[in-house]
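The remarks begin with model confidence and then turn to a sheet and a helix.

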Amino acid sequence: MSPRTSRNTSLGMRARLIVESGAASPQLSDLSPKETIRLGRNSKNDIVLDDPHASRWHAEVYCDGQNWYIRDCGATNGTKVNGIKIHEPTLLENNHVISIGDTRLRFTLDSSAVGTAELPILAVEGGTAEQENGKRSERKAKEKVATTPGSDLSQTILHADELTALLQFMTASLSETTPHGLVTLALMTVLRQTQANVAGFLSLDADDPEFRLVLPAQAEVDTQLSRKLTQRVLQDKRAVWLGTSRMRDLDSDSLVGFRDAVGIPLCVSPFASTGRMLVSPNENPLAPEPLGALHIYKSNRFFTEREVRFCEVLAGCLAGTLHVLRARRALEADNTRLRDHSAGPCDVLVGDSAAMKLLRQQIAQFARLPCTVLITGESGVGKELVAISLHRQSLRREGPLVTLNCGAIPATLVEAELFGHKKGAFTGAEGDRPGAFVRADQGTLFLDEIGDMPLLEQVKLLRVLETKSLRHVGGDEEIKVDVRILAATNRDLKREIQEGRFRKDLFFRLGTTIYVPPLREHPEDIPALVEHFLARLAVEYRRRLTLSSAALEWLQSYSWPGNVRQLRSVLETAVATTDGPVISVRHLDRLLVDEAPSAGPEQLPTLNLDELEARAIRQALAQTGGNNTQAARLLGIHRDTLISKMKKFGIERKT
């Protein structure tokens, strides 16, 4: 085509050049018929091409008053229009494509003064786009200012391929159950969409400062995420695009091998609780502290504005999804804990004895420390309540508390319960399941009865404690976890070590020990415990009972081999079976026939003859296995007398 073939097609129409592929700035230019638009690698061009195949002064686009033309400026690699290399000024018509090296620009003509979604009117300060074009000559005399990602140009509509990539990311994120999996998915999406060389994530969360991920995997060893770029992101709380002219300003050794870099904060929207997701950190000038920062590096060319905008939108989606995942996992863990404790004692420590005061002091001392704590004591003393108190007073109290009873799990399933498993990892593994460590991420994991854990699983537990990472059963992906460990046992672990049933290195790794005393060592707390349990049982059974003074003295004289758990069980049975409003020794004695009180012969629990007689009959029956004849012989009475008294006191033969 030549000037002689021109037609009157562009008169009164708005002309534009839009960058469709390749690295060029600006991405969109309104053309003024009074000016010549220059294209090339030199920074003084109107459209700067970051393309090794472009010449310093490559081509020009101009208007002769009626039509638009493009001419090649003698460039080494030439200029093409619709795939045909031009050798003379060539007429440009609507939707013609200009190719310069790897860069493609589309020329458009639009008669609308309003603009469309594909060709929006540019909003500029002080006037319309047409008025701005009239000032182009004046701006050329000033220093050229590069367009930044925060400008109005970055607000253009995402293209179909970008929307598809975002949709695929959001869909796949629904099946991810760990922060590591979500971040990996996001980085892979960024690498595919932008053709970047390296994509990385660095946690800025004070509760999880060690979470770092770099893709592709082979780049993780050689690539250090730029500390100075991270600091700039933290300072600005918005995307930082180094671009062509600002790369040298950062002066970061980590970026020496790269041509361009982008850092984007992951900020959770203040509207997250209402379901609105923060599309870009730039929306909120008072954005909260970022959860982390995305790093994207290129070594062969510069990022385009479209690519930076895509990464910003993806970062907003990732931040919202991470926030929802953490909240969901915390709720699941809390629900599990509530179900576990719904039928158990209230998670408070009761009693003001010296032993309980010392226990509370130890809890307050170690709760806010990150160290692992081993809770020791007999069965039923309330070790789990100590673990709950440690969690609630710790810096992780907003995170989940997950409890796992190592003694209640079959040996073959301990590993899967601890670390989770993948679908098909073993018979019955019908789907992926996160283990206790993953559910307790950002919180506390309480391993009850750790002395019952098999030796093989002890080795794997020790590795997780040291590396803070694990693998699902049947999986090969390394998953980072941030969990505080609390453990409990009623065994003498030092003896277990001597007998080869517990690992010495794991015992040393458990660190600080808190001892929970048995109930017989602080019987002065029994009245407070009785009052506490009866108040709770009154709500559950909808009947309020009291304890006689003789019964309370009897409880305090008992040895309680089952400790606090046994005390609660006895009181609950008494509330359920006692007819009247008062629980007496007679009601309690029935429940403790196999255990004798620790009082000496001179310290009788009661002086009531009927209660003493009934107690003696029950003990005689217990010792003789319910044989009436032998029991009567022990009591020194006739068999018929014994049967008569049993009917009187409501005592059954086999008690």
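1. Confidence. The model is predicted, and its protein chain has an average pLDDT of 78. A score of at least 70 is reached by 79% of the residues.

2. Sheet order. Six strands, in the order β3-β1-β12-β11-β8-β9, form an open sheet with antiparallel pairing. The edges are taken by β3 (28–31) and β9 (84–85); each has a single partner strand, so one side of each is left without a neighbour in the sheet.

3. Pairing of β11 and β12. Within this sheet, strand β11 (residues 96–100) runs antiparallel to strand β12 (residues 103–110), and 5 bridges join the two. Which residue of β12 is the bridge partner of I98? That partner is L105.

4. Length of helix α4. Helix α4 (residues 179–194) has 16 residues, which at 1.5 Å a residue should span 22 Å. The C-alpha atoms at its ends are 22 Å apart, in agreement with that expectation.

5. Is helix α4 largely enclosed or largely exposed? Of its 16 residues, 13 are buried, that is, under 20% relative accessible area; helix α4 is therefore largely enclosed by the rest of the structure.

Methods. Residues are numbered from 1 along each chain as its sequence is written. This is a predicted model: local features need pLDDT of at least 70, side-chain atom pairs count only at pLDDT 80 or more; totals for chains, interfaces and linings use all residues. Side-chain values use heavy atoms; hydrogens and water are left out. Helices (H or I, at least four residues) and strands (E, at least two) are DSSP runs, numbered from the N terminus. The expected span of a helix is 1.5 Å times one less than its number of residues. Buried means under 20% relative accessible area, exposed over 50%, partly exposed in between (1.4 Å probe, protein chains only). Two strands pair if DSSP finds at least two bridges between them. pLDDT is the predictor's confidence in each residue, from 0 to 100.
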